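Here's a quick briefing to read alongside the structure. Take a look first, then go through the points below.

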Amino acid sequence: MAEPAADNVLLKRVSRAMFWNASMLPVITIVNLAASVMIRRGFGLQSGLYDVALGVLNTLLAHSEIGLPSSVNQFVPGLERTAGRLEVEAFLGRVVRLRMGLLLVALVPFNIFAPQLAARLHLGTTGVWLLRVVSVLAVLRAVADLAIEALQALLAHFLANIVQLAQAVALVGAVAWTLVGGGT
């Protein structure tokens, strides 16, 4: 049975996590919504390329995920409580290596066959470049997703939300940079 002091610390961590979610998630949502509006309005009919790239990205990420986020959320709190931070770090290291390995298994053939895939998806003259950018984004997104899941499992929701907000702001910045640079 847990000690009352440990339960009190856990209760404080949970309430802090709930506070940061309630206060920061609306901001993250607004920034993501702004990015979506910028994409649709800025790229017009070309936003379909973005949709295809996003679909490819999400497919790559889904195939490399194999339930890891739910595993992190299930095992980290108990592991932290019973075995300590060193075991949590070791577990998270194994999860990161597994996820990145699975993602690389998908990305290597994806990049080898990028020219054929770009042609089949009718992505135009910049299709191969777009698919290679998607590959880089898949790796970055997988790392960010793992960081967010790990931070949430450790009840560090403020930091997890900062990572999500940074992702959203980076997307807005990338879209704005592309639009200003004549990427439409």
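How many aromatic pairs does the structure hold? The structure holds three, where rings of Phe, Tyr and Trp (its six-membered ring) pair if their centres lie within 6.5 Å. Bear in mind that this is a predicted model, so local features need pLDDT of at least 70 and side-chain atom pairs count only at pLDDT 80 or more, while totals for chains, interfaces and linings use all residues. Residues are numbered from 1 along each chain as its sequence is written, and side-chain values use heavy atoms, leaving out hydrogens and water.

**Aromatic pairs**

- W20 and F158 make a tilted pair, with 4.5 Å centre to centre and 55° between the planes; planes under 30 degrees apart count as stacked, over 60 as edge-to-face and the rest as tilted.
- W20 sits in helix α1 (residues 4-43) and F158 in helix α7, so this pair ties together parts that are 138 residues apart in sequence. Helices (H or I, at least four residues) are DSSP runs, numbered from the N terminus.
- W20 is partly exposed, with a relative accessible area of 28%, and F158 is partly exposed too, at 35%. Here buried means under 20% relative accessible area, exposed means over 50%, and partly exposed is in between (1.4 Å probe, protein chains only).
- F75 and F91 form an edge-to-face pair, 6.1 Å centre to centre and with 70° between the planes.
- That pair links distant parts of the chain, with F75 in helix α3 (residues 68-83) and F91 in helix α4, 16 residues apart.
- Is F91 buried or exposed? F91 is buried, because its relative accessible area is 15%, while F75 counts as partly exposed at 47%.
- Ring pairs also join F19, W20 and F158 into a cluster.

**Salt bridges**

- Searching the whole structure turns up two salt bridges, each being a side-chain nitrogen of Lys or Arg within 4 Å of a carboxyl oxygen of Asp or Glu.
- One of them joins E80 to R85, with the closest N and O atoms 3.2 Å apart.
- E80 counts as buried because its relative accessibility is 17%, whereas R85 is partly exposed at 46%.
- D145 and R141 also meet through their side chains, at 3.7 Å from N to O.
- Both D145 and R141 belong to helix α6 (residues 127-153), where they are four residues apart, or about one turn of the helix.
- R141 has 28% relative accessibility, so R141 counts as partly exposed.

- Helix α7 (residues 157-180) has 24 residues and reaches 34 Å from its first C-alpha to its last, close to the expected 34 Å.
- The buried residues of α7 are H157, A160, N161, A168 and V175.
- Q164 lies in helix α7 too, and Q164 counts as partly exposed because its relative accessibility is 21%.
- Which residues does Q164 touch, leaving aside its neighbours within four places in sequence? Q164 is in contact (heavy atoms within 4.5 Å) with L25, I28 and I148.
- The C-alpha atoms of Q164 and A147 are separated by 9.7 Å, and these residues are 17 apart along the chain.

**Positive phi values**

- H122 has a phi near 55°, a positive value in a residue other than glycine.
- You'll find H122 in the loop between α5 (114-120) and α6, and H122 is exposed, with a relative accessible area of 68%.
- L155 has a positive phi as well, near 60°.
- L155 lies in the loop between α6 and α7 and is partly exposed, at 24% relative accessible area.

**A nonpolar surface patch**

- L104, V108, I112 and F113 make a nonpolar surface patch of about 410 Å². Patches are made of residues with over 30% relative accessible area and no salt bridge, with like charges joined within 9 Å and nonpolar side chains (Val, Leu, Ile, Met, Phe, Trp, Tyr) within 5 Å. Accessible areas come from the Shrake-Rupley method with a 1.4 Å probe, and for residues only the protein chains shown count as cover.
- L104 is in helix α4 (residues 85-112) and counts as partly exposed, at 49% relative accessibility.

Methods:
Helix = DSSP H or I, 4+ residues; strand = E, 2+ residues; numbered from the N terminus. Expected span 1.5 Å × (residues − 1).
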